[in-house]
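Thanks for coming. I have one structure to go through today, and I will keep it short.

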Amino acid sequence: MSEIDMHLLREPADKLYEITDEMWLEINKESRELVDEFLDVNKQLSPKTKKTYTSALHQFFWFVREKFNDKVFYKITKRDFMKYMSYMQERGLSSSAISLRKSAISSFCNYIENVVADDISEYKNFRNFTRGMPAIAKNRVYDKIPINEEEYKLMISTLEERKDYLGLAYVATMFNVGCRRAELIQFKSEIVNYEIPEGQKYVLSHIVRGKGASIDGKSIRYMINLDALHYIKLWLENRGYEHEYIFTVKYKGKVKHISETWGNDFCMKVLSPIVKRRINPHLFKSSCITYLLEKGVDLKVVSKYVAQHNDTSTTSNFYDLRDFEEEKNKIFE
């Protein structure tokens, strides 16, 4: 791993404690019940957001237990929360990770202030203690360098030599389709049987749930090009079992979707050594978009049909990783 250019701009963070069910039961009963109530009544939260909020709130209340003698919630102050923010910064959490946890706690505080305070006298004067906090300084974890066509071909040829059919399907789909990993695992095996009209170079997927605020998210149909479709078929022909979904693994006789951990490990342990630099699942969507823009595909087309964005500014501001070196050089001609 020492030969791999990690492109790190700072040391990796120390992860916060994973709060087990046993640890959670050590938190005072009132706080636990309020958290459970908040998570239960917020039906608009997507499953992933609910999971994230649960983890963030459990971690926060464990910190309160350890540092502030398990205070009941209405006694927690702005000063206490500032100490929690400092604790996260000291552990090296990224600005986005801290913001995410702050958002979860703020939403919980709003629920207490706007709903619970009307029913429980102790909370009558409660105010959201996350308001008025200093802005979280933005940072970057690594240089975001897109996977280029040469690196993509190197990954594919290496995985072909190894007969890593799942890896081939994963790389080809992530690089060519522009989906997120949470959307990737929703692709069904039936896709390989869809009819392709003469002259068309892709198949349109069934509807998958995309990123969105509500529990239903955003309904998306992705264009899966012939290259990705080829490797998907190759994987299905060689995986040795039938299943409704494409991106699955069989372990101890049970078939399940590939997990985020699988994707992280595959990128770090398999793909990174192939191209000799840091690769992670988040890099593929930007790489797909950047590759198409570099080929000359119009931004509006890429934004609407590949990135699945309602606004081209989202595509250009967050996913277009072109360096524009030729254009910049012309400035001083």
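What you see is a predicted model. The protein chain has 14 helices and six strands. Along the principal axes, its C-alpha atoms fill a box of roughly 70 × 60 × 40 Å. The chain has 333 residues, and 43% of them are buried. If you take the contacts with a separation of 6 or more, 65% of them are between residues 24 or more positions apart.

Next, the cores. The largest nonpolar core has 51 residues. Which of them touch the most other members? Those are Y170, V171, F187, F247, L271, I279 and F284. Two or more residues come from each of α6 (149-162), α7 (165-177), α9 (226-238), α10 (260-275), α11 (283-294) and α12 (299-306). The largest share is from α7, at nine residues. There is another core apart from this one, with 42 residues, including L34, V35, F63 and I76.

With neighbours within four places in sequence left aside, the contacts of F247 are L166, A169, Y170, T173, L184, F187, H257 and I258.

Now the helix pairs. Two packed helices are described by the angle between their axes and by the distance between those axes. For α7 and α10, the angle is about 100° and the axes are 12 Å apart. The two helices are therefore roughly perpendicular to each other. On the α7 side the residues are L166, G167, Y170 and V171, and they meet W262, G263, F266, C267 and L271 in α10. By class, that contact has seven nonpolar and two polar residues, and no charged ones.

The second pair is α3, residues 47-67, with α5, residues 95-114. Here the angle is about 85° and the axes are 9 Å apart, so α3 is roughly perpendicular to α5. From α3, the residues T52, Y53, A56, L57, Q59, F60 and F61 meet L100, R101, S103, A104, I105, S107 and F108 of α5. This contact is made of nine nonpolar, four polar and one charged residues.

On to the cysteines. How many disulfides are there? The count is zero. Take C267, which also sits in the contact of α7 with α10. A disulfide needs the two sulfur atoms within 2.5 Å. C288 has C179 as its closest cysteine by sulfur too, at 8.4 Å, and that is again too far for a bond. Are these two cysteines buried or exposed? C267 is buried, with a relative accessible area of 0%, and C288 counts as buried at 1%.

Last, M23. This residue is found in helix α1, residues 21-24. M23 has a relative accessible area of 17%, and because buried means under 20%, M23 counts as buried. Leaving out neighbours within four places in sequence, M23 is in contact with E18 and W62. M23 and M133 are 110 residues apart in sequence, and their C-alpha atoms are 29 Å apart in space.

Key: Residues numbered from 1 in each chain as written. Predicted model: local features only at pLDDT ≥ 70, side-chain atom pairs only at ≥ 80, totals over all residues. Heavy atoms only, no water. Core = buried A, V, L, I, M, F, W, Y, C linked by side-chain atoms within 4.5 Å. Buried < 20%, exposed > 50% of the residue type's maximum accessible area, 1.4 Å probe, protein only. Helix = DSSP H or I, 4+ residues; strand = E, 2+ residues; numbered from the N terminus. Contact = heavy atoms within 4.5 Å. Axes fitted to C-alpha atoms, helices over the stretch in contact; angles between N-to-C directions. Parallel < 35°, antiparallel > 145°, perpendicular 65-115°, else oblique. Nonpolar A, V, L, I, M, F, W, Y, C, P; charged D, E, K, R; others polar.
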